[in-house]
Each structure stands twice: as C-alpha cells, then as structure tokens.
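User: I am new to this structure. Please show me how to read some of its features.

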Amino acid sequence: MLTQTTTRVLEPADLGAALAVLESAPVENAFVTARVRIAGLDPWRLGGEMWGWYTEGRLTSLCYSGANLVPICATPEAVRAFAERARRIGRRCSSIVGPAGPTAELWRLLEPSWGPARDVRGHQPLMVTEEPSAAVAPDPLVRRVRKDEMEAIMPACVAMFTEEVGVSPMAGDGGLLYQARVAELVSAGRSFARIDDGKVVFKAEIGAATRQACQIQGVWVAPEHRGKGLSETGMAAVLQYALADVAPVVSLYVNDYNTPARAAYRRVGFRETGAFMSVLF
C-alpha cells in the first residue's frame, strides 16, 4: 500500500478503486466512466492511461490521458501532480476537457510548455435534467438512425463537428476513426435524427452512457431549417428516449456564448448545475 501522497499509472487491479472515484460524481464523469466500464484500465483497450493520485494510501483523484486529458475529482494537489506528469511526457492529446476549476488550473500549469492552444472555452455550462418539460412536445419524426442510413447521417455529423470544433474530422486519417465512432453509436441505438426525403433535418447522439447518467452530444439542425424551433422539439424527443431507455439523469454541456442553445435546452427541461472547460489544440 502507498503510504504517502503520490501519483502513478493505474493498473487493471485498481479498477474497483477507480470506479469508486468516478461514480462519486456520476454526471460530471459520465464520459470517462462509460469508457472504463467497457474497457477497464488496460491502456491498450482504454485508449490511454489512467493516472491516480493517492493521499495516505487512498485513491482520491484521477486523470485520463488519451486523446483527451481529463482531470477527474481532482484536488489542487492532484492537479499539480498531473500537470507535472503531463509536462514531462509532452502533449499527446488533442484537447484538455473537464470541470472548469481543475481544468483551468491544469491549463495554467501546462500552458507555458504546451501552449498556445487553438481555442480555449473557459466556461461551458453543464446542464442536467431528470424529467422533460411539459412545455415542449417531442418531435414525432425524430427516431433512432438505422444502420443502413450511414450515408445520410455522416454529412450531418461532419458538418456538426466542423462547426463545433473548428476543424474537419475527415482530416488526418480520412475520417476513418470518426466514421467508426458514428457507426458505433448508430449500432448501439444511440444516434437519433429526423430525416426528411433522405436529408437530415435534426440530429443528436447519446455519446456517453452509464447506469447513473448519460450525456447528449452532437446536436445539429440543418442550416436551412434553423430558427424554426426544431432544436427544441428534437431535443425533447431525444430526451424522452434517453430517460426511458438509457439512464435516469441526462446531461450535456454547451458553450456559454451559444445563448440560443442554452435557452432552448432550458425550455426542454435542462438546468445549469456547473461548468466544463475545453482547451483545443
């Protein structure tokens, strides 16, 4: 047993302790918890390392280091230790993302060696609901995307990603990894859309899902249909599916400058409970 404050790479035998930390904040940690539940802590299967911070032998904080760098239940001492490890290794991730406080401190410590970032989104409200609002009726035409509709849904997914992140997911490997992720969500029944005459009008996915909480992502309305309230009725439909079939708590996070989206999500039944931060490279 470790008897001092220290950090190390977790191993498969540490799974129980890691899940205890993750599930202490099930909404904030849904993304990483879902990955760990599927893949465990083996770096090859997980797609990255899980770093653990121990205080007097007890695991208290985590940091996922893969395509994203994600501080989890990270105390100030843990953040400093994670930043030092990340600085020594060098940047391997495409973003830092997590609860706003620890993520901001992590970036403050890493920016001198990792900066500049392509974009810093310092306050992304975390929105949560356990029940839909009666004020917005779900769009009955929003449904699960079928496996034979990949050709229809992919252009919408690429357009959403490019608008949101600022770069195309088709760069680098030609979009192979991104297409595989979209196909995975479609196969799992967690991709939803309204498709009129073969064209996607609205779409969204349930990206991360655990027994306690799930997270909606990738909300997009075709440009020619914006301003018609389809984001509200579409989200109401996805929320209905999520609460009925996936988890008792549904969350999402949104850029603070996206005032129309925040207002739409509030009308659907979401409330702001915290904030995330994203640093994009």
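User: Which residues are buried in helix H10?

Analyst: A helix is a DSSP run of H or I of at least four residues, and a strand is a run of E of at least two, each numbered from the N terminus. Buried means under 20% relative accessible area, with a 1.4 Å probe and protein chains only. In H10 (residues 259–268), Ala261, Arg262, Ala263, Ala264, Tyr265 and Val268 are buried. This is a predicted model, in which local features need pLDDT of at least 70, side-chain atom pairs count only at pLDDT 80 or more, and totals for chains, interfaces and linings use all residues. Residues are numbered from 1 along each chain as its sequence is written, and side-chain values use heavy atoms, with hydrogens and water left out.

User: What do the buried residues of H10 pack against?

Analyst: Contact means heavy atoms within 4.5 Å. The partners of the buried H10 residues are S6, strand S10 (214–221), helix H9 (230–245), strand S11 (250–253) and S12.

User: What follows H10?

Analyst: Glycine 269 follows H10, and its phi is positive, near 130°.

User: Where is the kink in H5?

Analyst: The bend at a residue is the angle between axes fitted to the seven residues ending there and the seven starting there. In H5 a kink of about 35° lies at arginine 108, shortly before proline 112.

User: Which residues of H5 are buried?

Analyst: They are Ala100, Thr103, Leu106, Trp107, Leu110 and Trp114. Their cover includes strand S4 (68–72), helix H4 (76–89), strand S5 (95–99), strand S6 (119–129) and strand S12 (271–280).

Conventions:
Buried means under 20% relative accessible area, exposed over 50%, partly exposed in between (1.4 Å probe, protein chains only).
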